[in-house]
Amino acid sequence: ISLMGFSPETTAMSTIVVRPEKLVIVMSAKAKEASTPAIKYLVRNDLIGDFDYRAIEVRPYDTQHVYDQLLEAIKKAEKPLVIDITGGTKVMSATAGALAWEMNIPICYSDGGWDPKSGSSGLRKASSLTLINNPSRSLGYRFRADALLAFE
């Protein structure tokens with residue numbers, strides 16, 4: 001699952017690295033037009049098939065809507081999953097990260113700079129895709145509580 005905003009190259013970069021069998025692209029209605037070149041690039045270069053992706057529209061500042069749409073996508077998705085939180089709004093990224101960690105799904109983030117004024121040589125530094133570990137102890141607390149209940 002990849003969040004996409006007005007810089008769709010982040011979804012293309014993470015897809016190149018992760019090589020998912022299926023891709024779910026989460027974006028706002030306003031970012032939909034910006035997504036077309038990235039999707040065409042991914043299909044043209046056989047990184048995803050014509051029928052191996054789907055786009056989900058969200059209201060980018062409505063946390064409940066983003067959460068509900070992502071949860072539905074997660075339920076329908078093939079496993080294993082990874083959620084790329086690089087694109088989209090900060091609200092979308094925060095919501096996706098919280099949901100992913102709540103469900104013990106790994107998240108990744110593309111770190112790198114791009115200066116569109118410089119054309120294809122605009123990389124300020126090499127981009128890297130980083131898996132981000134869940135810092136929360138809530139999952140451990142939940143496992144412990146479940147184990148205590150089972151023990152009793």
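**View 1. Strand 2 and strand 3 run parallel, joined by five bridges.** In this predicted model, strand 2 covers residues 23–27 and strand 3 covers residues 53–57. Look for Val26: its bridge partner in strand 3 is Ile56. As a reminder while you browse, side chains in a regular strand alternate between the two faces of the sheet.

**View 2. A right-handed β-α-β unit is built from strand 2, helix 2 and strand 3.** Here the view widens to take in helix 2, which spans residues 32–44.

**View 3. Pro135 sits in the loop between strand 6 and helix 5.** Is Pro135 buried or exposed? Pro135 has a relative accessible area of 63%, so it counts as exposed, the cut-off being over 50%. For a sense of scale, Pro135 and Ala34 are 101 residues apart in sequence, and their C-alpha atoms are 33 Å apart in space.

**View 4. The protein chain as a whole holds five helices and six strands.** Starting from the N terminus, the order of elements is β-α-β-α-β-α-β-α-β-β-α. The C-alpha trace spans about 65 × 30 × 30 Å along its principal axes. Of the 152 residues, 36% are buried. The chain exposes about 9,500 Å², with 56% of that supplied by carbon and sulfur atoms. If you are thinking about charges, there are 18 positive and 17 negative side chains, and the centres of the two sets lie 4 Å apart.

Definitions and conventions: Residues numbered from 1 in each chain as written. Predicted model: local features only at pLDDT ≥ 70, side-chain atom pairs only at ≥ 80, totals over all residues. Heavy atoms only, no water. Helix = DSSP H or I, 4+ residues; strand = E, 2+ residues; numbered from the N terminus. Buried < 20%, exposed > 50% of the residue type's maximum accessible area, 1.4 Å probe, protein only. Pairing = 2+ DSSP bridges. Right-handed = clockwise from strand over helix to strand, strands pointing away. Areas by Shrake-Rupley, 256 points an atom, 1.4 Å probe, with all protein chains shown as cover. Lys, Arg positive; Asp, Glu negative; His and termini not counted. Charge placed at Lys NZ, Arg CZ, Asp CG, Glu CD.
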